[in-house]
Amino acid sequence: MTQVSTIPGARAAGSMRAGGPAGGPRRRRRQERLAQWLFLAPALLYLLAFFGYPIARNVVMGFQDYSTASLYTGQAPFTGWSNYQAVFTSGLFTKLVLNTALFTVASMLGQFVIGMALALFFNRRFPLNGVIRALLLLPWLLPMVASATVWRWMLGQDTGIVNRILEGLHLAPAGGVPWLSSVSVALVSVTLVNIWVGIPFNLAILYSGLKEIPPELYEAAALDGVGPWSRFRYITWPLLRPVVTVVVVLGFIYTVKVIDIILVVTGGGPADASQTLAVQSYQLSFKTFLFGQGAAMGNVLILVSLLFALVYLRFNRRAILTEGES
Amino acid sequence: MAAGVALTAGACSSGAATGSAPAGPLTLTATDYYTSEPMHSAVGSILTSCAASTGVKVTHVSVANPQLMPKALQQLSSHTLPDLLMLDNPSLQQIAQTGALVPLDTAGVDLSGVYPSILSAGSYQGKVYGLAPGVNSIALFYNKDMLSAAGIKPPTTWAELTADAAKLTTPKRYGFAMSADNDGEGAWQYLPFFWSNGGDLQHLDAAPSVQSLQLVSGLVKSGSMSKSVVTWAQSDVNDQFIAGKAAMMINGPWQFPTLDAAKGLHYGVAPIPVPTAGAAVKVPLGGEVWTVPVTSSAKEKAAAKVLACMNTGANQVALAKAAGYVPSLQSAAAQVAKDTPALAPFVTEVSTALSRTAVVGTKYPAIATALETAMQSALTGAASPQAALTTAQSAATKG
């Protein structure tokens, strides 16, 4: 905040030197305001061009009968709410919302708990710590389509290695777990794969957050005889909270829009069992070429993300306020 | 970077100084999805020789199959389609309806002697926009050793298929395999059963369709076919067959190179079993059509010449032999049937094969998606064939 206010001040001082006492207070204020807008302009232009335009386009497309011909001619008749009506009454919508919610919540929970446990583990000193931590980042670095394809093979019912291992441990039911070929298991499978993909991200951010906590606090707690759980509860957790909010918000945004993993591992199947809002939006547009309905579905997704962002902002502001008070 | 710029600039100016045409030879871009061999090289060499005889240069671009349509749609909206665009035949009408393609008869491409079924697959509203140098379809592939060990001949009817698939199933392998995925290949492999029984894409929930879905879901229910078929693409089915995990499969002639390379595998090809003895088998027509998008008149003319050259009898035969396609020219197809006996059953099939878009047109993608969802519901036991197809019919008519 201080930076922003000093810069227009400096500008104003410069103009005083150039223009002399002729510039009145009103003119100075106008120049200040102009300077402020000029500083904002690059960011605003960027946002308008790369976020505003596509979103506006998508909102408009949601009200149009947009076919492949419209892509070429640019002409698409407006059809009011009929795309939304088609999307909401397709019989699939409730399932999509439920699947998206389950996929998102379970993925975030799994990624966070495992990522946090690993971060706490690597926060200790032991040999090869750095090497193992670097190796754990690998899932993040692999192309998503490649790792998803490998998962598809590994989860095969008859010949996949996952079922083979479970059989070897006498944990699998007869015939193996139908990871990808059962309507009741497919969503669980894609969620597990997505958890695997998301662990490195959670680990990296939470680990760097842990490193920021001053070691003196732990030393003082150790002197006072505080146990490991209480140390986590009263030192680690509160000091890690800002990092946790970042992980949760980014995690939500990354997870709710996942399509590549699901497309490669199950294609949303079998029988739409692992369809989510994002996958369906993609398939409506690029598989059945109903771009208007795809856009309508995409807009629903944008609205959900927006609601979550608002909740986050509100939550975050309250957190800052309470921190400021204490 | 600077050096690169200087070099290209130098090359340009010297070309302009020595070449007779000031702009140099025209360069056309040809886009397809033949990323894998032998198709990539086979098409590449035909393109090169046809470009040379036309007096142009061709840049051959192959993108991954799932990326071809999204890329084409992007190029469509920015009016930057390549000069020659290959499309899978059920996608042709999607692009043709935009007006971005040149009708091949006005471009001067000779269409005589081509199978009518193939022309129909390349047409939109009565005009031909795409021509396939080679087409294909699917048939029943069987492991000769496994069938002779069981003492049976390839099944010809549904009853035989059910009985034989059960007989061929052992704890280590399944009797039968096909693709039932939800990415287009599932519908394509199911259509021979659907159509041969009198199924109609406009009435997915009619009795003939329900019977054909009962046949396929029955094979899974009885354990003659793996439950995993809902996740298998055709290439996965082929892998299972090669590995000896399936005694019979539905697949196409493009698998010949892979199957021939598999050591110790003796396979045969037979028509797909029909509902009752003597009924006609109706298979979908497969293969990719080449189109000439609207560009500049000089480029369109050159592209049409290259396309015509790709479809000469000699080039069609070369492609057929290299990659297991059936020529779309009847005369060339007859020759291939004589020279390559393995392709002969497919040559017979192609003359009566049905185009997926002939009746339902641009609605095919939505109908195929609904059909695949119904198939997966029935095969996973989530719904009965009748209930699954009733849902599919209402989904397909809504879209």
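1. In this predicted model, a disulfide (a pair of cysteine sulfur atoms within 2.5 Å) joins C50(B) to C309(B), with an S to S distance of 2.0 Å. C50(B) lies in helix 2 (residues 39-54) of chain B and C309(B) in helix 12 (residues 297-310) of chain B, so the pair ties together parts that are 259 residues apart in sequence; helices here are DSSP runs of H or I with at least four residues, strands are runs of E with at least two, and both are numbered from the N terminus. The link is left-handed, at -80 degrees about the S-S bond, and both C50(B) and C309(B) are buried (under 20% relative accessible area, with exposed meaning over 50% and partly exposed in between, for a 1.4 Å probe and protein chains only).

2. Two cis peptide bonds deserve a look: G269(A) is joined to P270(A) with omega about -5 degrees, and E37(B) to P38(B) with omega about 5 degrees. P270(A) is found in the loop between helix 13 (260-265) and helix 14 (277-286) of chain A, whereas P38(B) is in the loop between strand 1 (27-32) and helix 2 of chain B.

3. Phi is near 60 degrees in H170(A) and also in F289(A). H170(A) counts as exposed, at 72% relative accessibility, while F289(A) is buried, with a relative accessible area of 9%.

4. On conventions, residues are numbered from 1 along each chain as its sequence is written, and chains are lettered from A and ligands numbered from 1 in the order in which they are written. Local features need pLDDT of at least 70, side-chain atom pairs count only at pLDDT 80 or more, and totals for chains, interfaces and linings use all residues, while side-chain values use heavy atoms, leaving out hydrogens and water.
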